[in-house]
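Let's take a walk through this structure together. Please have the sequence and the 3D view at hand as you read.

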Amino acid sequence: MQPEQPKDRLEPTKEMTDRFKHLSLFWTDIMHLMASKPQALTSIGPMRAFAANSKKISTELIEINEDLMEFNKYLTQYYKQLSEAWGIAQKKVNLKAPEVPQNAEQIEAFKRIWIDIFDNDFTELFDSEKFGENYGKLVSKELELTKHWNKIANVILQSVNLPSKEEIDEVYKEMHSLKKRVGKLELELKKREMRKNAK
Amino acid sequence: MQSESRVDPKIIEEILKFSKNVINAPKLVAAPDEIVLEVTPHDTVQMMDKSRLIHYKPITEKQQKTPLLISYALINRYHILDIQPEKSWVRNLLQQGFDVYMLDWGTPTSMDKYLDFDDYVNGYLDSYVEYIKNESSNEKISLQGYCTGATIATAYTSLHPESVKNYIATAPVIDGWRDTTVISNLAKHMDVDKMVEIIGNMPPEFMYYCFSVLKPFEQGIEKYIKFFKNIDNKKFVDNFLRVEKWLGDTPPIPGELFKQWIKDIYQDNLLIQNKMYIAGQKIDLKKINMPVFTQVAVGDHLVSPECSMPLHYAIGSKDKTLRMYPTGHVGMIASSLSQKKVLPELGQWLAERS
């Protein structure tokens, strides 16, 4: 029977991050509960709403940490793909033009070879499934990080009685729906008028 | 014994000349911000929200009876169709006696994130078509769509065939699964729901990223070397700066519209299968039964010919023409080839049917 391979201690596992998240949330919750009375007593004015919602900020920060790890993973992969494509393209250039260009014509020809090979190889990379997949995940993680920042900003906005992103979105949605209905009615009226005039 | 290495004096000369050109560039050419892209005289005749309808002033006495409305793309702005007098798509059509209108989609802001295909097709485009019909006393008009503007125009033509006399599809985005470009690869892997939920509109920065992966070394390095090498060539420099300014100015795309475009065209490929719906109405390409002229560029690296050509075979029209040109996406509409070949062919086809 083979002995169990030791896990890489440096690489964070899902179990480890879950434990860290639980630990952070536990203490944040307890601290929040313990502090809620003195907080309510001492926080006045704009700080009242901020104090009540401050736990949301710590929750977001914990989740940002998790997403940041994933984001870094895809970002590393992204740069790795770019640098590998660069290395391969450079090797191809070296094979095709091994001599150091000596005059202006040779430099021009070398530049043409270099650009053609690099453009071809990078286009091949950008066209590939592996690049598209990793880039999609990278953008997705970046968006999740933005979402956490949005939520943190919402806590601050609400503490000064300003509308949150969701509340503004509701207004936009309502306006869009109203404009659409009015626009369709106007167009229908115009068409009817034109038909009437044509008769 | 020491080996002697001599540098070609021509190289030194080239480097010195290039450095001199870089230093002199600001004295010789205008800054992109100082360049005004609107060339051909026109009036804004109608506005809806942030969009507007432009009517170009006629330059010939004899006019074709049926007016032409151009539905420009959602990426960048309509200026490329009128980038400079010698390469202007619009001016050429005016010279051929056509009455030309242009739809400028404008610059959507955060509050426009809920604008969708229905607003663009049955709202803006339909309203402007009605306006032109009314103004010109025509029951039908000719419609041209370019790139993503052709996706919108195709949907419109299917839903409102009674208003369209002739349809011209220039590099239309139709069959997303057949598209072989880098853009389609990125679009297929995009979590567009998340993007729209979190950011709202598709931001211009994302579009600039997409441009940066298209021939990055030719477009990112060589192009600018050529610019400085040719700094004394007024015509070259003027054209270069105009196109650069146009490239660097793309508006956001409304979130809901962008979402449906990416999903229905690139990810699920519904349009070509006659399975795409706009406000509950099916886009059936067989309902496009008027004369149709499809223009495709063989070297198009933004919308590949394989993505555009299926339109020609999917529509119900009997009178249909497909033309392929040995150029690229922009070359088809703003180059000497477009002036010498693409536009005369289009003009002749359109005149015979106007």
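Predicted model: local features only at pLDDT ≥ 70, side-chain atom pairs only at ≥ 80, totals over all residues.

Look next at its partners. Strand S2 of chain B (residues 51–56) runs antiparallel to S4(B), and four bridges join the two. Strand S3 of chain B (residues 68–71) is also joined to S4(B) by four bridges, but here the strands run parallel. To get from S3(B) to S4(B), the chain passes through helix H2 of chain B (residues 89–95), making a right-handed β-α-β crossover.

You can see both pairings at B:Tyr101 in S4(B): B:His55 stands opposite B:Tyr101, and B:Leu69 has B:Tyr101 as its bridge partner.

In soluble globular proteins, nonpolar side chains tend to be buried together. Here the largest nonpolar core has 105 residues, and B:Leu69, B:Ile70 and B:Val100 touch the most other members. Helix H3 of chain B (residues 117–136) gives the largest share of this core, eight residues. Leaving aside residues up to four places away in sequence, B:Ile70 touches B:Val100, B:Tyr101, B:Met102 and B:Leu103, along with B:Leu81, B:Gln144 and B:Tyr146.

Finally, turn to where the chains meet. Chain A and chain B bring 31 residues each to the contact. On the chain A side, helices H3 (104–127), H4 (129–159) and H5 (165–198) of chain A each supply at least two residues. The residues on that side of chain A comprise 13 nonpolar, ten polar and eight charged.

Technical notes. Residues numbered from 1 in each chain as written. Chains lettered and ligands numbered in written order. Pairing = 2+ DSSP bridges. Right-handed = clockwise from strand over helix to strand, strands pointing away. Contact = placed C-beta atoms within 7 Å. Nonpolar A, V, L, I, M, F, W, Y, C, P; charged D, E, K, R; others polar. Core = buried A, V, L, I, M, F, W, Y, C linked by C-beta atoms within 7 Å. Buried ≥ 20, exposed ≤ 12 C-beta atoms within 10 Å, placed from the backbone.
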